[in-house]
Every structure is written in C-alpha cells, then in structure tokens.
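Please read the following points with the sequence and the structure open beside you.

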Amino acid sequence: MSKVYFASAHVKRLVAEDTLPPKFGRLLNRLIKKDIFKNQTVAIKMHLGGNVGFTTIRTLFVRMLVDRIKEAGGKTFITGGAEWIQDAKLRGYTEEVLGAPIYQASGIKDKYSYKSEIGFRTLKEVEICGYIADADALVVFSHAKGHGNCGFGGAIKNIAMGCVSPKSRGDIHRLMETSFTWDKEKCRHCYLCKKNCPGRAIEFNQRGEFSIFSHNCRYCMHCVEACPVHAITIDESSYKHFQEGMALAVKEVLSFFKSKIVIFINVIMDVTPLCDCWGFSTPSIVPDVGIMGSRDFVALEQATIDSISLKNYIEGSLPDQLKMGKGKHLFERIHGKDPYIQVDAAEKAGLGTKKYSIVEVE
C-alpha cells in the first residue's frame, strides 16, 4: 500500500496557516526531503494551458514547488509542449514569476527526442522528449480534470501526452483504430470543429464538404465534442486501447528514471470536464478538493479519481453541449469512458499499486 499525501482545500479556521498554500508547503516538506535533489537538474513537467484558458495550476503553487526543489539542492526548469509555451506568459508563467526557466520539452525546433520501442498494436514506438529524458530527476505536476478520450486526465496523461513528440501523441490517439463520419445534413457550417482542431487537420472545400487531413489529425476528438449538432461522429469502441497505450508510453518515459527520483503531484482544483489543451476554461464541476502527492503515481491517480465524487457534482456546471449519461463515476457519465482503465493498465504494467493510504497534511 502506497502513501498519498493530501492537503485539503477545506479551511477549518480563518487563519492563513489553515488555507491551502501553507498546507501545500507542508506537503512538499513530506515529499521533498532535505538535499534529495543535491546537484541534480530537476524537470518540472506541467501543462501550461493555451489561448484564453485560465484554470491551469496557479503560479503561486508552481513557485512554491520551484523554491522547495532549490532548497533541496536541485537546479530546476519547467517544461511543456511547444504549442503551449508560446503564450504561457498570459497565465503568468514567466521565469521572473516562477523562479525557473521554461523550456520546450523537445527542444527549440520540437525535434529533440529519443525513440523507444513499444510494439503495442499499431503503436510501434514513442519518441521521448529530450529535455525530459536528460533530466536527473522529474516532478510531474498535473492538473486533475476530465478528458474526452480517457474520461480523466492527470499524471498519466501529463506524462503520456506531454513527454512525447507530437507524432507520438497522434500515434497513441490512433490506437482507437477508427475513422470519422460527417453528416452533411446535420452540419450548420459553424466551423467550431475547425476552430478547435489543434492539429489544423480540418478543412471545408468550396462545396462546404468536410475533410480531415490524416497526417495532421491527432485523434484528440476536439471536433467531435465541439460540434453543437453532433454532425461528426467516431466509433469509440476501442478507446480502451488508447488508455492502455498511454500507460505503456508512461512506462517508456519513466524507464529513463529507473535509478532517479520521480515525484508526482496532482492539483485537484478547477476540475473542469475538458483538458487544458482546449485553450479555454469552463466552470468547475465539483468543489475544489485540494492537492495530492506521492512517489507512486498509480496510487495517486486512483486516489485522485476517487476524490472527484459524483455526489459532489455542481448542478448546472456542465457546458450545454455536454450531457450526463450512464456510468458509475462522474467522468464516465460525462464522457462515456471509465477513467480507471488507464490506472488498471498502469498497475498491470508494473508501475505501481492502486492500493493507497491517505496521509492528510494539516
């Protein structure tokens, strides 16, 4: 059974020490001991958001993490995908604010990576971002929220999607082994599908006919979810393979850290139904839970998903285009996908245990 440290967002007394930032500081003291990173370069992997998104991890918490790593003897930098770094400063993510430089995970030209063979269905290999692989230690700092392809996005998604090249992200998404169908009778030509396509794969010809350039398509399904009339559909019966592929990609990334320190932290605040990569924010669907951290990301993911309870759902918080369906978990009802499958796959791959004990940091 693995320990998962928990700093609750709940405030018992009206004093600063009982609020989340000081609790997070005490959580970091538990996770990051004195001199643990002595003379090491530590990569902080996080999603920096995009466009007008505002529900990414607060800069205060990032700065606290950076300062704690430095106190533990480490030299640190923050890293993410190239497409998210370009406007990170809109959310206050600058070296002056955070106390650490921000680097593109796969280099200035987005081409610096190491190949690792996987051989899972159509996923033959993944390209691991060079700045991640070269680090002496890694802190995976994740924003917990929903995700259209796997129900939930936390540490597993942060690593599997954020520590590999754009090509590999597309290859992992393609594990769903499917194609798109466009209903021209339903289509209103609002072009929200095209506007929300991160790969710029969607076009409409002069006759108004929809097409997808498969080379650019990442199978992220933003177009499917963005369409207000459901004119674009996709057979999602193989979504389990996507979650399994993510777990195997995580295994390859972490293989670079077999004898190194890796720490995982999930921020369970501003829990929105969609991934930060959409580039905009919607209301939280549950009240803020707090922050969890562990050396075992499988236990952390299990505990995080468990903490996002259906009974705490905030009525009226879902965007009108998203409808509640059937399922045991809140995210399963929203996206139709069991969020625990990725956790099961990670445990099966020998990356940790789902059994955990909560150690609350007062």
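1. In this predicted model, the sulfur of C227 lies 6.0 Å from the closest cysteine sulfur, which belongs to C190. A disulfide requires the two sulfur atoms to be within 2.5 Å, so this distance is too far for a bond. C227 is buried, with a relative accessible area of 9%.

2. C150 is buried, with a relative accessible area of 0%. By the distance rule, the count of disulfides is zero.

3. Which residues does Q243 touch? Leaving aside residues up to four places away in sequence, Q243 is in contact with C150, D338, P339, I341, Q342 and A345. Q243 belongs to helix 10, residues 239-254, and is buried, with a relative accessible area of 0%.

4. An open sheet is formed by eight strands in the order 4-3-2-7-14-15-1-16, with mixed pairing. Strand 4 (102-104) and strand 16 (356-360) are the edge strands, each pairing on one side only. On average, neighbouring strands of the sheet are turned by 25° against each other, direction ignored.

5. Strand 1 (residues 2-8) and strand 16 run parallel and are joined by five bridges. Y5 has V359 in strand 16 as its bridge partner.

6. Helix 6 (residues 155-162) lies across strands 2, 7 and 14, at about 115° to strand 7.

Methods
Residues numbered from 1 in each chain as written. Predicted model: local features only at pLDDT ≥ 70, side-chain atom pairs only at ≥ 80, totals over all residues. Heavy atoms only, no water. Helix = DSSP H or I, 4+ residues; strand = E, 2+ residues; numbered from the N terminus. Buried < 20%, exposed > 50% of the residue type's maximum accessible area, 1.4 Å probe, protein only. Contact = heavy atoms within 4.5 Å. Pairing = 2+ DSSP bridges. Axes fitted to C-alpha atoms, helices over the stretch in contact; angles between N-to-C directions.
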